[in-house]
Amino acid sequence: MTMSWTWLHKLGSPKWFYEISGRWLSWLAWAAALLIGIGIAWGLAFAPADYQQGNSFRIIYIHVPAAFLAQSIYVMLAVAGVVGLVWKMKLADVALQQAAPIGAWMCFVALLTGAIWGKPTWGAWWVWDARLTSMLILLFLYFGIIALGQAIGNRDSAAKACAVLAIVGVVNIPIIKYSVEWWNTLHQTATFKLTEKPAMPVEMWLPLLVLVIGFYCFFAVVLLLRMRLEVLKRESRSAWARTEVAALVERRS
Amino acid sequence: MSNVFLLLAMHEARLLCRRPAELANPLVFFAIVIALFPLAVGPETQLLQGISPGLLWVAALLAVLLSLDGLFRGDFEDGSLEQWIVSGYPLPLLVLAKVLAHWLFSGLALVLLAPLLGLMLGLPASALPVLVLSLMLGTPVLSLLGAVGAALTVGLKRGGLLLALLILPLYVPVLILGSGALQAALQGLPATGHLLWLASLAALAVTLAPFAIAAGLTIGVGE
Amino acid sequence: MSDSAPPIPFLATVGLACERDRRLLFDQLELHLQPGDMLQVAGPNGSGKTSLLRLLAGLMPPTEGSVLLAGKPLAAQRTELARSLLWIGHAAGIKGLLSAEENLAWLGALNRCGSTSREAIWTALAEVGLRGFEDVPCHTLSAGQQRRVALARLYLAPPPLWILDEPFTALDKAGVAQVEIHLARHCEQGGMVVFTTHHSLTEKARNFRELDLGLRAA
C-alpha cells in the first residue's frame, strides 16, 4: 500500500465510520422526515390536478422518487464494488451488501405504484410499458445480487463476487434499457408514459424535486443504520465495538 | 501467448469430444422445449408461426444456459483452475479459449439444429437465414455472459438455479434483438439493423466478458 | 543458480496473516526461502497449512502482510513467479478423461516448463512407475497412480521452486521413498521445495526446516 491511499483506509476504518455516521444520522433523519413530509403534503394537496389524468397522476410523487432511487442505488452498488475490488476497502463491501435490499424494495415500490397508476390510466394492473419492464428487470438484477451474496459462505468472497456482478450489471443496464425501449416502440402498446410529460408546470415538478431529495436522505439514513449494525457485528471482537454495544444495551434498559 | 490459446482450445475440444452425451443434452433439451409448445397451444400453423421467433429464442437461451452450468466447476474441483492461475498467462485469454471451444461444440450445434426446428414450427424457408445468422451472432453473447455467472458460482456445489437467476436478466437485450430480427424477417422487413446490433453486442461481450469471468474465477479459487 | 547466496531471499513473507471464516489461522508469519532450502509445513488439520501454500503460490490474497518474490511483491511479479514455480495442489489438475501423456503434455505447455516431447513424458512416467499406463484415461487409474501422474511433472525439467500440497497422499511406501529422494536431490541442486505432509521424512535435504503452524498458534 502506498502512502497516498492512507486517507482512503482511514475512511474505511470501521471505528471512524461508526463515529462519523453517528453524528450524521440525526441530521439526515430530520432532513428526510421534513422533506418527505413537505413534499407529500404539497404534492397530494396543493399541486394542481393533471388536465388529462386528474388526480390519479399524483402517484408519481411516490413512483418517480422510488424509481430514481432504485436506479441510483444500483449504480452505487457498482461504484462500491469497484472501490471494494480495487482498493480492498471493507466498508465498501458492507455498503454494497447492505444497500442491495434497499434498492430491491425501492424497485418493488416503483413497480407497485406503477401498477396502481396503471389501473385508472390503462384499465389494467400491468401493462408491458418500457419503464415498468425495465424496472422489473432491474428488480431481477437486485434479486441476483442478493441471492449470490447469500449463497457464498465466505464473507469476503461473497462481497467480491457481488461486486463483479454489480459491475457486469451496470454495464448491461443501459443496453437493457435501450433494447427494452426499442422493443416497446416496435410493439406500440402504451400511448401514455407515466412520467414523460411534454412540459410539467413548476407547481407540479417542484414538490417532486423535494420528494426526490427527501427519498435520497431517507435512503442514506436506512443505509447508514444497516451499515452501522453490520460494522458492529463484524467488529464484535474489538474493544470499541464491545463498549459501544454495552452502552447501547444500557440505554435500552 | 496465442500458442497457449490454441492449445487450450484444443485441450478443451478434446475433453468435450470424450463426453459426447453432455454435448447432446442441451440440444435434446432445445428440441423438447420446442416440441412442447405445439402440444400446449395447439397445432395451428398460423399461431405457431407467429410465436415461433420468441419460442425459438427463449428455448435457445435456456439451452445455452443449461449447457453452461458447471462450465468451470470441473476445472475448479480437479485443480485445473489453480494451474491456469499460476501459469502466469493472462486468465481472460485462457477463459476466452475455453468459452470459445465450448461454444464451437454446443452453441454452433444449436445454431445448426435451429432451422430444422424452425421449419417444424412453420417458419418459411426465407426466414431461416436470418434465424441462423441471428443465433450465430447471439449465442456467443449468451455463452460469454453465462460463463460470467458460471464463474461467479464456481465454488458452489449446486449453482444451477442461481446461475439462471443471475444471468437471465442480462440475456434480455439478446432476446429482444434476436427474436426481433426473426420477426422482421417473418414480416418481410429487412433484419440487417437487428443483426448489426447483435454483432456489436457480440463484439462487446468478447472484449469485456473474459475479464469478468477471470475475476469471478479468481475469487472462487481464492476463497 | 549461482553458489553465492543472494542478499535478498528468493521467496519471503513479511507479517503474513491469514483469516478464514472469521478465524485467524496465523499472523506475523516471517519466512525466508533460499536456493537449496526444503521447508516442511506441519501442523494439525485446519491450522492453515494449505492456506499458507496457496498464499505463497499467489492463489489467495493475504489478509495482512505480503509475499515477496526476489524482494518484490508477488502481485507485481506474476510472470516471474510463473517462470519459477511448480504448484501441485491437493487436487493436482489431472483430467480423468485424458491419458497420463495428454495431461502432462498440456500441463507442461501451460507451465512452459522444459520439455513436453513424447520421449521426455514417457521417461518421466517410467520414473514414477507408470510404464505401460501412458495412454490409459486417468480415471481408470488408482488414486495412488493418479498422484504419480501429477508427480511425474517433477521429472520434466521443472522450475526451481516447488510448492506441493500433500504430495505423498495415496502413494505406497516405495513411492514415498522415491519422491523423498527426488525432493532432496532437487534441493541439493539448488532448488527449493515447500510442502505439507503428515509423514515424517526419512530423506531430507541439508537445509531442511520444519514450520509447525500448530506450535505457532499455541
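The exercises below work through parts of a predicted three-chain model, each with a solution in steps.

This is a predicted model, in which local features need pLDDT of at least 70 and side-chain atom pairs count only at pLDDT 80 or more, while totals for chains, interfaces and linings use all residues. Residues are numbered from 1 along each chain as its sequence is written, and chains are lettered from A and ligands numbered from 1 in the order in which they are written.

**Exercise 1. Describe the secondary structure of chain A and the share of its residues that count as buried.**

Step one is to list the elements, where helices (H or I, at least four residues) and strands (E, at least two) are DSSP runs numbered from the N terminus. Chain A has eight helices and zero strands, so that its order from the N terminus reads α-α-α-α-α-α-α-α.

Step two concerns burial, for which a residue is buried if 20 or more other C-beta atoms lie within 10 Å of its own, exposed if 12 or fewer, and partly exposed in between, with C-beta atoms placed from the backbone. By this rule 40% of the 253 residues of chain A count as buried.

Step three turns to contacts, which join two residues if their C-beta atoms, placed from the backbone, lie within 7 Å. Among contacts in chain A between residues at least 6 apart in sequence, 79% join residues at least 24 apart.

**Exercise 2. Compare the UniProt annotation "transmembrane region" with the model in chains A and B.**

The positions are given in the numbering used here, feature names are shortened, and annotations may be inferred rather than shown by experiment. For chain A, the unreviewed UniProt entry lists several spans, including residues 24-47 and 59-87. Residues 24-47 of chain A are 96% helix and 0% strand, with end C-alpha atoms 32 Å apart, and residues 59-87 of chain A are 97% helix and 0% strand, with end C-alpha atoms 41 Å apart.

For chain B, the spans in the unreviewed UniProt entry include residues 93-118. In the model, residues 93-118 of chain B are 100% helix and 0% strand, and their end C-alpha atoms lie 35 Å apart.

**Exercise 3. Describe how helix H7 and helix H10 of chain B pack.**

Two packed helices are described by the angle between their axes and the distance between the axes. Axes are lines fitted to C-alpha atoms, for helices over the stretch in contact, and angles run from 0 to 180 degrees between N-to-C directions. The axes of H7 (residues 128-152) and H10 (residues 192-222) of chain B come within 8 Å and cross at roughly 20°. H7(B) is therefore roughly parallel to H10(B), given that angles under 35 degrees count as roughly parallel, over 145 as roughly antiparallel, 65 to 115 as roughly perpendicular and the rest as oblique.

The crossing of H7(B) with H10(B) is left-handed; a crossing is left-handed if the near helix is turned anticlockwise from the far one by less than a right angle, and right-handed if clockwise. The residues of this contact divide into 21 nonpolar, five polar and no charged, where Ala, Val, Leu, Ile, Met, Phe, Trp, Tyr, Cys and Pro count as nonpolar, Asp, Glu, Lys and Arg as charged, and the others, Gly among them, as polar.

**Exercise 4. Examine the phi angle and the surroundings of A:Lys88.**

Most residues other than glycine have a negative phi, and most peptide bonds are trans. A:Lys88 is not a glycine, but its phi is positive, near 50°. A:Lys88 lies in the loop between helix H3 (60-87) and helix H4 (90-122) of chain A, and is partly exposed because 17 other C-beta atoms lie within 10 Å.

**Exercise 5. Describe the side of chain A that touches chain B.**

The contact takes 24 residues from chain A and 20 residues from chain B. Helix H5 (130-151) and helix H6 (155-187) of chain A each supply at least two residues of the chain A side, to which H6(A) gives the most, with 14 residues. By class, this side has 18 nonpolar, five polar and one charged residues.
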